[in-house]
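I'm jotting down what I look up, one bit at a time.

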Amino acid sequence: MGRIAIVTDSNSGITQAQAAEYGITVLPMPFYINEELYFEEINLTQEEFYTKLEEGAEISTSQPAAGDVLELWDSLLKEYEEIVYIPMSSGLSGSCETAVMLSKDYDGRVQVVNNQRISVTQRQSVMDAKQLAENGWTAERIREYLEKTRFDSSIYIMVDTLKYLKKGGRITPAAAALGTLLKLKPVLQIQGEKLDAFSKARTLKQAKTTMLHAIQADFRDRFKAREDASDMWIQMAYTGVDKTEIDEFYREVKEAYPNHEIVVNPLSLSVSCHIGPGALAITCTKKLEL
């Protein structure tokens, strides 16, 4: 029997193929598209999602069914002593709270991590949990560490269109119309549980500069990072964007931090629902302190 199973959901951006490679388990998130049920990475690809989004389909996210979660846990506990489950931020979905409630029937063998992460920062939590498990930590100790360091990350996202923020009720129709008229490129931030406004840019170039400067300010002021930021992870993400745009942004970030290995992944579809295609993001996360 193995010691600890690391489990997350597809909001982490970890694909089923990557999960098999890393030796972890990814629970696919459910989506309703025109009232039909889909599961990310099972019968819904990134390409299909954006096609349906741009066609104006009615898309909504949903929590994993409690029965599916319990069935997965029960199956894994036949092979492992404990589970560390890392769902998306409790501030963005009720799935974390539901999982915490369900875990109470497992006498501590299932530890649900509520560390306010989403997408590529959630992915980093998963990779950190895997490292800690390999170092011999218990599931409870891993959960406590990941929750203690929950705010040691930032995400900045440039939104290409205000259409989806308006549709989701996050901005008013008047603000969306004005922003579209002025061709604004809003920059949003996720620090902890909320998706908030951060800045407004007039051009893509200005938005990218704003995000890079925001990350550099976080290194200096929030995280007290080393001068070369070698104690931080830098990651990037995008939503249905032209590959040349993310490649260009990658080169700019790499030029600023040439010694960093910078991971680039699609943003989770749960975030994409609210911000639409064409978004670019940069994130930073403090490395483990062991």
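This is a predicted model: local features need pLDDT of at least 70, side-chain atom pairs count only at pLDDT 80 or more; totals for chains, interfaces and linings use all residues.

Where is the place of Thr121? I looked, and Thr121 sits in helix H5, which covers residues 119–134.

Next up, is Thr121 buried or exposed? Its relative accessibility is 1%, and since buried means under 20%, Thr121 counts as buried.

I then checked what surrounds Thr121. A polar atom of its side chain lies 2.8 Å from the backbone oxygen of Ile118. Leaving out residues up to four places away in sequence, I found that Thr121 touches Ser153, Ser154, Ile155, Gln235, Thr283 and Thr285.

On to charges. Side chains of opposite charge can pair when their charged atoms come close. How many salt bridges does the count come to? I get seven.

One of them joins Lys208 and Glu248, with the closest N and O atoms 3.3 Å apart. Lys208 is in helix H9 (residues 204–222) and Glu248 is in helix H10 (residues 243–256), so this pair links distant parts of the chain, 40 residues apart.

Lys208 also meets Glu252 in a salt bridge, at 3.2 Å from N to O. Glu252 is in helix H10 too, so the pair ties together parts 44 residues apart in sequence.

I compared accessibility: Lys208 is buried at 4%, while Glu248 is partly exposed at 35% and Glu252 is partly exposed at 30%.

Last pair: Asp221 and Arg220 form a salt bridge, closest N and O atoms 3.2 Å apart. Asp221 is partly exposed at 42%, and Arg220 counts as exposed at 52%. As for shared partners, I noted that Lys208, Glu248 and Glu252 are joined into one network.

How values were computed. Residues are numbered from 1 along each chain as its sequence is written. Side-chain values use heavy atoms; hydrogens and water are left out. Helices (H or I, at least four residues) and strands (E, at least two) are DSSP runs, numbered from the N terminus. Buried means under 20% relative accessible area, exposed over 50%, partly exposed in between (1.4 Å probe, protein chains only). A polar contact is a pair of N or O atoms within 3.5 Å; within protein, one must be able to donate a hydrogen and the other to accept it, and residues adjacent in sequence count only if both atoms are side-chain atoms. Contact means heavy atoms within 4.5 Å. A salt bridge is a side-chain nitrogen of Lys or Arg within 4 Å of a carboxyl oxygen of Asp or Glu.
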